[in-house]
Amino acid sequence: MVETLKNLKLNFILASVLYVLLGLVLLIRPGASGILLCRLLGGTLLLYGLFTILGFLIRDRSGAFRLELLFGIVAAAVGAFFLIWPMAVLSILPVIMGIYVVVDSLVALQRAVELHRLEYPRWWISLLLSLVGVALGVLLLTRPFSAVEAVFMLIGGVFLYLGCSDLWSLYKVSRLTRELRKRAPIDVDPIDID
């Protein structure tokens, strides 16, 4: 039991350190991180697609497996696209998100006008939020790569925070446990009981 707890603690520390390192990489090199993630995802999709196609060719080629062949071809093609043109993938995602945000914000703008017409006292809050949404959507459309880098930096900051907070809490729990054992020693440690 003690060995299991020690292994869990070690795994917890290693995961926290990995969070910190990944967070730092995403904060310092967001563009390169995005390309690396695209290539990893592309490689995974390409391998999945090729194995699926190969599985179709080896097995009975009945109609039941034709859909599997289609999925394999699509996965391999998407994976190859991610590997060959990672910058295009990184620039497409924010554009799609930008279009969605602009459309959604324009619908919210229409709701704000409707609230004003209905004489709702705080209609201007809805108007302000929808205008901010339109601005953010336009930013995603006009500066897609910068937006992707900002998202990766945000994710990096979150990972860095999680790793540091996990390490800090583990340190505090370990320290408190040692202090409690010094203050009130016990004959049989509950951890040692099987």
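Predicted model: local features only at pLDDT ≥ 70, side-chain atom pairs only at ≥ 80, totals over all residues.
The protein chain contains six helices and zero strands. Followed along the sequence, these elements give the pattern α-α-α-α-α-α. Of the 194 residues of the chain, 22% count as buried.

The structure holds two aromatic pairs. In one of them, Tyr19 and Phe159 are stacked, with 5.4 Å from centre to centre and 20° between the planes. This pair links distant parts of the chain, for Tyr19 lies in helix H1 (residues 2-28) and Phe159 in helix H6 (residues 144-183), 140 residues apart. Tyr19 is classed as partly exposed because its relative accessibility is 31%.

Phe81 and Trp85 form an aromatic pair that is tilted: the centres are 5.3 Å apart and the planes stand at 50°. The pair is called tilted because planes must be under 30 degrees apart to count as stacked and over 60 to count as edge-to-face. Phe81 is partly exposed at 31% relative accessibility, and Trp85 is also partly exposed, at 47%.

The next topic is charge. Side chains of opposite charge can pair when their charged atoms come close. In this structure, the count comes to two salt bridges. Arg117 forms a salt bridge with Glu114, and the closest N and O atoms are 2.2 Å apart. These two residues are three residues apart in helix H4, so about one helical turn separates them. Arg117 counts as exposed, at 57% relative accessibility, whereas Glu114 is partly exposed, at 34%.

A salt bridge also joins the side chains of Glu179 and Arg183, with 3.6 Å from N to O. Both residues belong to helix H6, and because they are four residues apart, the separation is again about one helical turn. Glu179 is partly exposed, at 31% relative accessibility, while Arg183 is exposed, at 61%.

Helix H6 also takes part in a feature formed by like charges. Lys6, Lys9, Arg178 and Lys182 gather in a patch of positive charge on the surface. The elements that each give two or more residues to this positive patch are H1 and H6. Lys9, one of the members, is found in helix H1 and counts as partly exposed, with a relative accessibility of 38%.

The surface also carries a nonpolar patch, formed by Trp124, Ile125, Leu128, Leu129, Val132, Leu136 and Leu139, with about 680 Å² of accessible area together. Among these residues, Val132 is found in helix H5 (residues 123-142).

Arg111 is found in helix H4 (residues 86-117) and is partly exposed, with a relative accessibility of 48%. Arg111 and Ser126 are 15 residues apart in sequence, and their C-alpha atoms are 7.7 Å apart in space.

Definitions and conventions
Residues numbered from 1 in each chain as written. Heavy atoms only, no water. Phe/Tyr/Trp six-rings, centres within 6.5 Å; stacked < 30°, edge-to-face > 60°. Buried < 20%, exposed > 50% of the residue type's maximum accessible area, 1.4 Å probe, protein only. Patch = residues over 30% accessible without salt bridge, like charges linked within 9 Å, V, L, I, M, F, W, Y side chains within 5 Å. Areas by Shrake-Rupley, 256 points an atom, 1.4 Å probe, with all protein chains shown as cover. Salt bridge = Lys/Arg side-chain N within 4 Å of Asp/Glu carboxyl O. Lys, Arg positive; Asp, Glu negative; His and termini not counted. Charge placed at Lys NZ, Arg CZ, Asp CG, Glu CD.
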